Amino acid sequence: MSKKYLVTGGAGFIGSHLCEKLLYMGHHVTCLDNFYNGNLNNIRGLFNDKNFYFVEGDVLNKTLLNEVAAECDHIFHLAAQIHVEKSIIRPTETLNINLSGTKNLLDICTRHKNKSMTFASSAEVYGEAEGEHSEKSPLCPQSPYAASKVAAEALCTSYFYTYDTNVRIIRNFNTFGPRQKSSGYGSVIAIFARRALDNKPLIIYGDGFQTRDYQYIEDAVDGYILSLQIPAGEIINTGYGVDHNIVDIAKEIIKITNSNSKIVFADPRPGEVRKLRSNVNKISSYGHTSQYSLNAGLKKYINWLVKYDLDSLGVMK
């Protein structure tokens with residue numbers, strides 16, 4: 001049965017893939033984005049779909065939010081200031097966007113009981129801890145970004161208990177794939193892949209033995225779709241369940257790209273978490289199975305990146 005979805009931050013990396021998947025499934029999608037993180041090129045191909053509607057704006061505009069959410073059945077709230085480094089420089093801006101924007105959408109779902117919401121949180125809320133992180137692990141935010149997500153999660157939970165608001169929380173572990181930024185505050189895999197293809201040094205901050213649990217974008221999107229089956233008030237991890245250190249990731253990218261890049265080490269960055277690995281037992285119990293290992297995802301992503309470069313130059317592959 002076709003439904004109507006609002007995706008905030010829908011022109012971003014994950015948001016654009018989510019919009020695409022929902023349209024493929026036959027649903028109506030309204031994409032809201034102010035291009036703070038998003039890119040028009042991420043959604044340009046969706047404008048040909050009669051079920052796709054784009055609105056330029058942000059989640060701090062209450063009047064606009066009420067208008068775009070009026071006809072929707074479910075809200076996927078991905079809009080956020082998502083960068084740890086930027087949050088250290090701009091903590092007030094980060095808190096305003098990530099907390100106030102979430103409250104605005106929760107207020108809409110509270111007033112209109114026929115609407116539900118999935119809030120996109122982050123594995124950064126776990127902070128420093130040994131072993132893997134389950135949904136019951138203690139939270140220890142180590143950056144203003146992580147703190148903003150903890151606060152927004154708490155707001156979602158409080159609205160569920162206080163007002164019976166229909167909201168659930170996805171704690172997304174590191175995700176990579178096509179359309180991810182490879183410059184500025186981009187993801188390490190996107191940056192490494194881009195630089196490896198250009199035979200430039202791969203810069204690692206710290207000793208390189210910090211680990212991350214990376215999931216391919218298609219698996220992450222499937223997790224968001226699955227959240228529609230998750231009861232209100234629940235919190236659930238999406239990840240692969242295996243972590244890899246940054247040095248090994250860099251070496252694997254150099255190998256796949258057949259690059260001449262060298263690995264260069266720099267001073268560690270403040271607020272960076274040492275180890276992140278997801279416990280995926282809960283999401284697995286709902287039927288979610290990751291389709292891509294790190295190696296398989298890297299190969300698919302790098303193949304896309306090479307083709308994207310050729311297409312942008314007008315070269316047929």
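## Basis of the description

Residues are numbered from 1 along each chain as its sequence is written, and side-chain values use heavy atoms, with hydrogens and water left out. Because the model is predicted, local features need pLDDT of at least 70 and side-chain atom pairs count only at pLDDT 80 or more, whereas totals for chains, interfaces and linings use all residues.

## Salt bridges in the structure

The structure holds 13 salt bridges, a salt bridge being a side-chain nitrogen of Lys or Arg within 4 Å of a carboxyl oxygen of Asp or Glu. One of them joins E20 to R179, whose closest N and O atoms are 3.1 Å apart. Since E20 lies in helix 1 (residues 13-24) and R179 in the loop between strand 7 (175-176) and helix 7 (188-197), this pair ties together parts that are 159 residues apart in sequence. Helices (H or I, at least four residues) and strands (E, at least two) are DSSP runs, numbered from the N terminus.

E20 is partly exposed, because its relative accessibility is 33%, and R179 is likewise partly exposed, because its relative accessible area is 22%. In these terms, buried means under 20% relative accessible area, exposed means over 50%, and partly exposed lies in between (1.4 Å probe, protein chains only).

## Two further pairs and a network

Within helix 5 (residues 91-111), K103 and D107 lie four residues apart, which is about one turn of the helix, and their side chains meet in a salt bridge with an N to O distance of 2.8 Å. K103 has a relative accessible area of 35% and is therefore partly exposed, while D107, at 17%, is buried.

Another salt bridge is formed by the side chains of R194 and D198, at 3.2 Å from N to O.

## A nonpolar surface patch

I203, Y205 and V264 make a nonpolar surface patch of about 220 Å². Patches are made of residues with over 30% relative accessible area and no salt bridge, where like charges are joined within 9 Å and nonpolar side chains (Val, Leu, Ile, Met, Phe, Trp, Tyr) within 5 Å. Accessible areas come from the Shrake-Rupley method with a 1.4 Å probe, and for residues only the protein chains shown count as cover.

Y205 belongs to strand 8 (residues 202-205), and Y205 counts as partly exposed because its relative accessibility is 32%.
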